[in-house]
Amino acid sequence: MSTDWLLRQHERGNPHSRIDDRHPGDEAWSTGNVVRPLVHGATYFAELLERLEATREGDLVVFTDWQGDADERLDGSPGSEVADVLARADERGVDVRGLVWRSHSAATGFTAGENLRLGEELQSRGAEALLDMRVRHGGSHHQKLLVIRHRDDPSRDIAYVGGIDLCHSRRDDADHGGDPQALGTMAEDYGETPPWHDIQAAISGPAVHDVETVFRERWEDPTPLTRSPFFWVRDRVLGLDVSPDPLPEQAPPPPSPPGASHAVQLLRTYPDLRLGRDYPFARGGERSVARGYSKALGKARTLVYLEDQYLWGRHIGDAFVRALRDQPDLHVLAVVPLHPDLAGAARVPELVGRRRAMAEMHRAAPDRVAVFGIENHAGTPVYVHAKCCIIDDTWTSVGSDNFNRRSWTHDSELSAVVVDTDPADLGAYARALRLRLAAEHLDLEEDDAAAMSRCVDPIAMFHAFSRSADALDAWHAGGRRGERPAGRLRRLRVPELGRWQRTWALPAYLTMHDPDGRPRSLRRRDSF
């Protein structure tokens, strides 16, 4: 059965959470759902705007955010700003609640000012959006979820889970011209309006209740939102709300939509907070993201296709190396950013992390591992922010977690894993998403059956990506003479770094970029 790929309750490793309380027996997933992958921020934002504008008195909207920009326009038009849309809903009688990561200082490249502004604007208009800094030292709340529950029509309930924040630079589309409201902190490689590739999952059915439960556990945590005396004083000077009001009683899971065949499992990361400060719903942390990927990789036989922001580190490399060595026919195909988002010396630690993962995989199976970046048709690199993994056209994850130790142990993360339970075609969901992404990267039309036929077989797609990237790389190397080849893929090699660079950058990489949030007992065993 396809659900054999999913973690059982005892495998989640977190008996303190109520996320699986409604699931029968040892099951840790919901069945009878319909999940739609929303590729690109513009796609997600347009649907989100329509759904939020349709909410009415008595409905409930809850969300979490790593970075939020109050003025980000969901469809580009005046009046579609994130704060305005959410505040209007609250003013109509919708109960709007949000947990926005407070963030580190802007002086360190983070977005504390923007997140504060979003909280202030929403609170000033009646919505309860709180700044949440209940994280491990140096960590973040990286979950990106939004849930809409309808008081009078639960069949319309929906949850969104993925990698897309409610902030600048995310509203891009398949042409990848970038969001006109762009971040100002990206490396110059990506231009003034960085092209952005991302994915969010839209979930309908009983799993909406599970996503809402993730929010409720964090909201109902009695721990103060911050332990910093500075923030405590500033919040009171600014008149900010720092005490979550009780949520209304949680409604039962919504009904299954017609034809629903998707089993949905939510995987999470919560760190070990140490010193008796642990989350009451995750004592010692939760590492079901790491456990879920490890179990799925252990079942992989043909193709692991992933799109990810980072793909860093020895632990990640080890997980793939084991799978590649155990299965001689297994291929790994990855799409990641062509360049790190940081420039200057700060870029080297990120390249160290990439090198540690890529080098191990290439040594294990040089002909069965291929890593690519993507560019738009103008030749500008596209920043891959998607966090998606498809294994053997069976197990598919879309979420906030990246392939690095930080996401697997240190920050809060949330991903939605989907396996199809329709006996007529257990690979329908995964294959459709894989082919949709392949069509974009190869410049193919999805409805062109003849063109898409070269990618239906997973290994054929592996080779199609390689041929396309080789052609485009050769065109660039030849001075861009003649017609540009179709496709957007550029091959990535293992980063070449000198011994001195690797030596000085490794401590920064391990402590700042990819820290370890596991309890000491698990560190000693090197286990998740």
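Guide: W232 has a relative accessibility of 48%, so it counts as partly exposed; here buried means under 20% relative accessible area, exposed over 50%, and partly exposed in between, with a 1.4 Å probe and protein chains only. The model is predicted, so local features need pLDDT of at least 70 and side-chain atom pairs count only at pLDDT 80 or more, while totals for chains, interfaces and linings use all residues. Residues are numbered from 1 along each chain as its sequence is written, and side-chain values use heavy atoms, with hydrogens and water left out.

W232 belongs to helix α6, residues 229-238; helices (H or I, at least four residues) and strands (E, at least two) are DSSP runs numbered from the N terminus. Together with V233 and V237, W232 makes up a nonpolar surface patch of about 330 Å² accessible area. Such areas come from the Shrake-Rupley method with a 1.4 Å probe, and for residues only the protein chains shown count as cover. A patch takes residues with over 30% relative accessible area and no salt bridge, joining like charges within 9 Å and nonpolar side chains (Val, Leu, Ile, Met, Phe, Trp, Tyr) within 5 Å.

F231 takes part in a contact of another kind: the charged end of R102 sits over its ring, 4.5 Å from the centre. The rule asks for NZ of Lys or CZ of Arg within 6 Å of the ring centre and within 35 degrees of the ring normal. R518 is placed likewise over the ring of F528, at 5.2 Å from the centre.

Helix α5 covers residues 207-219, and its 13 residues span 19 Å from first to last C-alpha, close to the 18 Å expected at 1.5 Å a residue; the expected span is 1.5 Å times one less than the number of residues. Because 13 of the 13 residues of α5 are buried, the helix is largely enclosed by the rest of the structure. P254 is in the loop between α6 and β9 (262-270) and is buried at 3% relative accessible area. Strand β9 holds A263, which is buried at 0%. Its C-alpha is separated by 15 Å from that of D26, 237 residues away along the chain.

Turning to the rings, F528 is also a member of an aromatic cluster with Y293, F320, W395, F403 and W408. Rings of Phe, Tyr and Trp (its six-membered ring) pair if their centres lie within 6.5 Å; planes under 30 degrees apart are stacked, over 60 edge-to-face, and the rest tilted. The count comes to 20 aromatic pairs. One of them joins Y293 and W395 edge-to-face, at 5.1 Å between centres and 65° between planes. The pair links distant parts of the chain, 102 residues apart: Y293 is in helix α7 (residues 288-299) and W395 in strand β16 (residues 395-399). Y293 is buried at 2%, and W395 is buried at 0%.

D392 is in the loop between β15 (388-391) and β16. Its phi is positive, about 50°, although it is not a glycine, and the residue is buried at 19%. D526, in the segment after α15 (520-525), also has a positive phi near 50° without being a glycine; it is partly exposed at 35%.

Finally, the charged pairs. A salt bridge is a side-chain nitrogen of Lys or Arg within 4 Å of a carboxyl oxygen of Asp or Glu, and the count is 42. E47 and R36 form one of these, with the closest N and O atoms 2.7 Å apart. That bridge links helix α2 (residues 41-53), which holds E47, to strand β1 (residues 30-39), which holds R36. E47 is buried at 15%, whereas R36 is partly exposed at 29%. D132 and R134 meet at 2.9 Å, N to O; D132 is buried at 1% and R134 is buried at 6%. D318 and R314 form a bridge at 3.4 Å. They are four residues apart in helix α8 (residues 314-326), which means about one helical turn separates them. E53, D84, R88, E91, R92 and R125 are joined in a salt-bridge network.
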